[in-house]
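Colleague: Could you take one part of this model and go through it closely, residue by residue? I would like to follow what surrounds it, and then see how other places can be read in the same way.

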Amino acid sequence: MNKVTDLTLDGDVAVITLNSPPVNALSAPVRNGLFDAFTAAVNDPAARAIVLICDGRTFIAGADISEFGKGPSGKPLQDVQALMENSPKPVVAAIHGTALGGGFEVALTAHYRVAVPSAKVGLPEVKLGLLPGAGGTQRLPRLVGPEVALQYLTSGDFISSDVALKSGLVDELVEEGKLRDGAVAFARKLVAQNRPLKKVRDLQDKVEAARGKPEIFADFRKANARRFRGFDAPEANIKCVEAAVNLPFDEGMREERRLFEGLMSGSQSAAQRYIFFAERQAAKIPDVPEDTPVLPIRKVGVIGAGTMGGGISMNFLSAGIPVTIVEMQKEALDRGVGIMRKNYENTAKKGRLTQADVEKRMGLLTPSLDLNDLADCDMVIEAVYENMDIKKEVFAKLDAIVRQGAILASNTSYLDVNEIASATKRPEWVIGTHFFSPANVMKLLEIVRGDRTAKDVIATVMKLSKKIGKAPVLVGVCHGFVGNRMLAQRQREANKLVLEGAMPWDIDRVLYDFGFPMGPFAMSDLAGLDIGWSKDTSSSSTLREVLCEMDRRGQKNGRGFYDYDEKRNATPSAEVEKVILDFAKKQGIERRKISDEEILERCIYPMINEGAKILEEGKAIRGSDVDIVWINGYGWPVYRGGPMFYGDLIGADKVLAKMKEFQQKHGDDFKPSALLEKVAAEGKKLHQL
């Protein structure tokens with residue numbers, strides 16, 4: 001055998017052991033090794049059955065993604081599967097860890113499957129903009145039926161071993177730690193009982209029962225239309241299941257291959273695969289070695305029990321880390337704690353937590369009205385009003401109270417972390433942790449590195465972010481950091497476009513069709529137009545001020561840029577349209593017809609340009625980090641890969657030309673960054689910088 005496979009005889013059972021760290025991915029050496037091992041096992045007269053098992057922490061965890069897009073090498077996986085499926089001796093796949101994607105497709109071509117209780121299986125290709133390309137879409141419906149197969153294929157979710165056993169994906173569970181012995185015993189039982197060689201491809205009952213029932217697929221598409229919006233891969237997976245129901249197996253396989261190749265060559269899968277690797281890359285900080293010691297975080301303090309403070313606290317409670325939360329007023333503290341409990345209880349009502357889980361998490365929370373109760377915390381996060389004077393006052397107090405060696409963090413969205421740190425005698429222990437609202441839901445965490453932030457503090461917060469389920473990105477100090485700095489470009493242009501000739505609902509529609517969950521004006525209504533607005537200082541100088549003065553405050557009172565019914569369904573407002581026309585007239589702006597193309601370019605291209613400026617200034621480490629910020633924090637459609645990736649998809653030269661055109665028409669808000677000019681001239685890629 002080759003270096004990654006080993007073939008031994010255990011009595012009359014041939015045991016093929018695969019060992020290709022770290023996850024036994026289906027690389028060319030693995031495929032070659034499996035082909036040779038199965039050939040030898042089938043031809044060995046002493047072997048009456050064959051077991052495939054893997055060393056290490058997992059079964060075959062999937063395809064080797066690094067081979068995607070490269071020329072063919074090694075034995076095709078289909079050749080290995082044909083050997084297994086057509087073996088005259090029973091083949092048993094022994095699963096531990098995870099059998100995912102191509103790994104599970106290999107297991108599905110075995111005649112039988114056994115697993116330990118902790119194992120998980122699944123076909124997650126849809127999450128990479130793909131479909132299972134080695135028979136998964138054809139075999140799965142034959143085992144579990146098309147209705148269940150549709151759920152598994154379009155969600156990409158893992159399937160626990162007990163569910164796999166009940167649904168017939170796994171034939172028997174064996175004791176933890178005894179997989180090899182259990183699999184060999186199961187194989188011997190098959191031989192002793194002369195059990196038939198169960199080829200999944202030949203199973204027909206469940207697909208035949210669905211034949212002539214197109215409503216199965218129509219209803220599924222309708223029920224999931226919102227979830228699948230914009231994505232190509234879910235529809236391709238549905239079509240494959242339709243093929244499994246309506247076509248002979250080999251024809252279904254050809255349809256699967258055709259649809260797989262279409263997805264593989266498309267931009268959506270390229271974007272989704274890129275994001276998969278970009279999230280992992282974001283954790284690597286060039287000047288912070290991976291072996292940098294991290295500090296133990298056993299207890300966290302949070303200042304502020306409002307929406308942000310409560311949401312931040314829930315992240316730590318859910319990860320089993322005790323939290324002391326401090327407010328100035330008892331009423332605000334009680335309200336904040338009550339909302340946290342209600343959030344957990346709502347999750348429990350949906351079956352995602354038990355009541356015992358709710359009590360355990362809330363039991364880790366210590367509410368307080370005294371900052372001195374934070375003295376023994378390992379990390380304190382400030383989540384007070386976004387005002388520099390207030391934040392500096394809080395940090396000066398923390399510096400005097402909290403033990404030396406504890407991390408002091410600010411949940412600021414825009415402010416200078418260096419100035420905040422200057423209020424302390426330990427700036428090396430100060431860092432920004434910009435959570436996104438709702439903080440207990442949103443994945444993104446912008447970690448803001450001050451000029452003097454220590455490397456072990458950075459390493460600790462990056463690692464802690466993962467523990468609390470976040471996607472961390474390290475950014476530098478500048479107004480708005482990465483995400484909000486780029487968002488400001490889009491907001492400015494959206495507001496200008498409304499005065500020049502577009503309506504809020506035109507802009508929202510274009511950005512929704514691009515793939516955002518909602519447009520900027522619908523988002524403003526959701527958040528509340530009166531955030532940061534004061535009746536006392538309002539001067540009718542912006543549309544937002546005028547609307548607030550008219551008591552149009554958004555969804556909260558049913559009147560914002562849109563009118564809302566009792567179910568919060570939005571309709572364009574004739575009153576707002578008149579306000580816009582009057583406001584533009586007062587400003588001396590001659591309105592014109594604005595195309596959807598201009599709306600998209602004016603909103604998106606300045607963001608790409610600002611991302612290039614951020615990279616130029618070193619405020620983000622990589623172009624891919626910028627994309628991770630926008631994917632996880634702002635609803636950028638993952639199938640478009642983030643602003644930098646999308647800029648490269650269009651072409652940096654085309655973005656540059658359009659920015660110059662807009663600069664001539666609309667001024668220096670559109671001045672191209674030097675880096676965009678350089679990338680366009682040299683034919684480089686923004687997302688690879």
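Modeller: Leaving aside neighbours within four places in sequence, Val579 is in contact with Leu543, Val546, Leu547 and Met550. Please keep in mind that the model is predicted. Val579 belongs to helix H24, which covers residues 574-586. Is Val579 buried or exposed? Val579 has a relative accessibility of 13%, and a residue counts as buried when the value is under 20%, so Val579 is buried. For a sense of distance, take Leu263: Val579 and Leu263 are separated by 316 residues in sequence, and their C-alpha atoms are 46 Å apart in space.

Helix H25 runs over residues 596-616 and helix H28 over residues 652-666; their axes come within 10 Å and cross at roughly 110°. Because angles from 65 to 115 degrees count as roughly perpendicular, H25 is roughly perpendicular to H28. The residues that form this contact divide into six nonpolar, two polar and four charged. On the H25 side they are Glu598, Glu601, Arg602, Tyr605, Pro606, Ile608 and Asn609, and on the H28 side Val655, Lys658, Met659, Phe662 and His666.

Ala332 sits in helix H15, residues 330-349. With a relative accessibility of 16%, Ala332 counts as buried. Not counting residues up to four places away in sequence, Ala332 touches Ala305 and Glu327. Between Ala332 and Ala396 there are 64 places in sequence and 23 Å in space, taken from C-alpha to C-alpha.

Ser155 is in helix H5, which spans residues 146-155. Its relative accessible area is 18%, so Ser155 is buried. What lies 2.9 Å from a polar atom of the side chain of Ser155? That atom is the backbone oxygen of Gln151. The backbone nitrogen of Asp157 lies 3.1 Å from a polar side-chain atom of Ser155. Beyond four places in sequence, Ser155 touches Val126, Lys127 and Arg227.

A polar atom of the Thr424 side chain lies 2.8 Å from the backbone oxygen of Ala421. Setting aside neighbours within four places in sequence, Thr424 is in contact with Phe395, Asp399, Leu408 and Val430.

How many disulfides does the structure hold? It holds zero. Cys240 has a relative accessible area of 0% and is therefore buried. Cys377 is buried as well, with a relative accessible area of 0%.

Definitions and conventions:
Residues are numbered from 1 along each chain as its sequence is written. This is a predicted model: local features need pLDDT of at least 70, side-chain atom pairs count only at pLDDT 80 or more; totals for chains, interfaces and linings use all residues. Side-chain values use heavy atoms; hydrogens and water are left out. A polar contact is a pair of N or O atoms within 3.5 Å; within protein, one must be able to donate a hydrogen and the other to accept it, and residues adjacent in sequence count only if both atoms are side-chain atoms. Contact means heavy atoms within 4.5 Å. A disulfide is a pair of cysteine sulfur atoms within 2.5 Å. Buried means under 20% relative accessible area, exposed over 50%, partly exposed in between (1.4 Å probe, protein chains only). Axes are lines fitted to C-alpha atoms, for helices over the stretch in contact, and angles run from 0 to 180 degrees between N-to-C directions. Helices (H or I, at least four residues) and strands (E, at least two) are DSSP runs, numbered from the N terminus. Angles under 35 degrees count as roughly parallel, over 145 as roughly antiparallel, 65 to 115 as roughly perpendicular and the rest as oblique. Ala, Val, Leu, Ile, Met, Phe, Trp, Tyr, Cys and Pro count as nonpolar, Asp, Glu, Lys and Arg as charged, and the others, Gly among them, as polar.
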